[in-house]
Amino acid sequence: MSRVSSTESNMKIVALVVAAGRGARMGGEIPKQYQNLADTPVLRRTLENLIKIPVISNVCVVIHPDDMDLYTTAAEGLPILPPVIGGAERQDSVLAGLTAISAQNAPDYVLIHDAARPLVVADVVHRIIEALNDGASGAIPALPVADTLKAVSPDKTITHTVDRTHLWRAQTPQGFVFADIYQAHTAATQTVTDDISLLEKSGYSVKIVQGDARLSKLTEPADFQDLERYLRPQSMDIRTGFGLDVHRFEPGNAVILAGVSIPFHKTLRGHSDADVALHALTDALLGSISAGDIGDHFPPSEPKWRGVESAVFLKHAADLIHETGGYITQVDLTIICEAPKIGPHRHAMRNTIAQILNIDVDRVSVKATTTERLGFTGREEGIAAQAIATVSLPQHSKLQESDLC
Ligand code: MG
């Protein structure tokens with residue numbers, strides 16, 4: 001095809017949004033591209049942002065055959081092409097989309113984009129188009145790799161440090177001269193994870209342009225929380241909750257504190273694993289949404305909670321916060337005892353809590369104190385723990401205690 005040398009009105013650029021994936025790492029009942037991000041389905045945000053960019057002539061979405069109803073709701077009223085049903089692999093879905101686009105007056109360029117990258121940045125699209133105008137067959141946004149990269153053997157032993165000087169992280173939208181990418185997809189005999197690799201293999205000229213952190217892919221629940229923070233930093237309802245718990249010592253050989261088992265000449269008595277620290281933290285989270293206390297949710301009278309790991313309680317409280325559309329900003333825990341020593345385990349405790357709550361470890365504080373040998377903790381009769389949780393809830397949240405319990 002002839003190259004068009006400008007983005008004048010005769011240039012036809014179609015955005016092809018790939019939304020046929022299942023998003024297994026995200027969890028939830030519906031695929032992540034249909035889950036709400038700050039009250040709007042991810043896919044709808046993606047489409048609205050693409051439509052806003054004037055240089056894009058039209059938008060077409062490839063969907064999973066099971067998702068027609070979800071798609072119809074998410075895309076309702078948007079001025080875009082009819083959806084195309086995708087295939088088993090991403091590559092099949094892209095080919096189905098390209099074929100559909102080609103059948104109705106093929107465009108000059110196509111921008112292939114992941115549905116799960118909702119914050120499409122116009123400047124990035126312009127850089128891609130400029131690179132295509134300059135003669136590249138494909139151009140993709142990418143960011144330099146900031147972290148140190150380690151190559152590891154299957155048993156996770158580090159074999160060497162990878163030189164990251166020439167390494168970039170690929171994002172989407174990935175822009176292509178339509179005829180070149182369609183030809184490469186039609187001729188493909190191997191499965192590839194992204195479209196640009198097809199062109200690389202076929203010897204076409206492919207370039208990177210500067211990407212943008214806002215184009216990060218939504219992969220895990222924490223990514224949703226990050227984008228929520230970005231999309232409505234001013235509009236959250238900040239709340240705090242407090243929790244306190246005490247458990248008595250009895251003879252034993254270990255205590256479990258904040259999910260970490262510490263060898264000790266006593267143990268803590270309790271119905272569950274007696275993790276006094278996670279109990280205080282669970283109560284703090286429940287308190288932040290006025291959802292009662294741990295005993296309301298997990299009555300000690302019910303045998304099914306006997307010996308259960310307290311991570312279950314904490315996770316439940318976090319789930320209740322997430323169900324409101326909120327997220328946990330910070331937790332701060334203080335363990336009060338003369339012994340065992342907490343310091344050597346603090347790092348493991350913070351990591352364990354961060355994992356259970358699915359938040360960054362720098363949002364988890366674990367502290368310890370003694371009571372100068374005063375009182376029941378000073379006499380080493382038991383351990384106490386206090387916790388404060390700070391959470392951000394959507395302003396519009398109509399929290400009902402009855403919904404939460
Ligand atoms: Mg307790």
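How are the donor residues of the magnesium ion spaced in sequence? They follow the pattern D-x1-H-x31-H, and the views below start from there. This is a predicted model, in which local features need pLDDT of at least 70, side-chain atom pairs count only at pLDDT 80 or more, and totals for chains, interfaces and linings use all residues. Residues are numbered from 1 along each chain as its sequence is written, and side-chain values use heavy atoms, with hydrogens and water left out.

**View 1. Here is the magnesium ion with its donors Asp245, His247 and His279.** The ion is held through OD of Asp245, NE2 of His247 and ND1 of His279, at 2.1 to 2.3 Å. Donors here are N, O and S atoms within 2.8 Å of the metal (3.2 Å for Na, K and Ca); water is not among the atoms, so sites may look incomplete. His247 sits in strand β13 (residues 236-251) and His279 in helix α8, 32 residues apart, so the pair links distant parts of the chain. Helices (H or I, at least four residues) and strands (E, at least two) are DSSP runs, numbered from the N terminus. Are these two histidines buried or exposed? His247 is buried at 11% relative accessible area, and His279 is buried too, at 8%. Buried means under 20% relative accessible area, exposed over 50%, and partly exposed in between (1.4 Å probe, protein chains only).

**View 2. Now for helix α8, largely enclosed by the rest of the structure.** Of its 13 residues, 12 are buried, including Leu278, Asp283 and Ser288. After the helix comes Ser290, with a positive phi near 50°.

**View 3. This is the largest nonpolar core, with 45 residues.** A nonpolar core is a set of buried Ala, Val, Leu, Ile, Met, Phe, Trp, Tyr and Cys residues joined through side-chain atoms within 4.5 Å. Leu257, Leu285, Ile335 and Ile353 have the most contacts inside this core. Its largest share, 8 residues, comes from α8. Beyond its neighbours within four places in sequence, Ile335 is in contact (heavy atoms within 4.5 Å) with residues including Leu257, Met349 and Val366.

**View 4. Last up is the hairpin of β8 and β9.** Strands β8 (residues 149-152) and β9 (residues 158-162) pair in the antiparallel sense over 4 bridges; pairing takes at least two DSSP bridges. Leu149 stands opposite Val162 in β9. The two strands have 5 residues between them, and Lys156 in the turn has a positive phi of about 70°.
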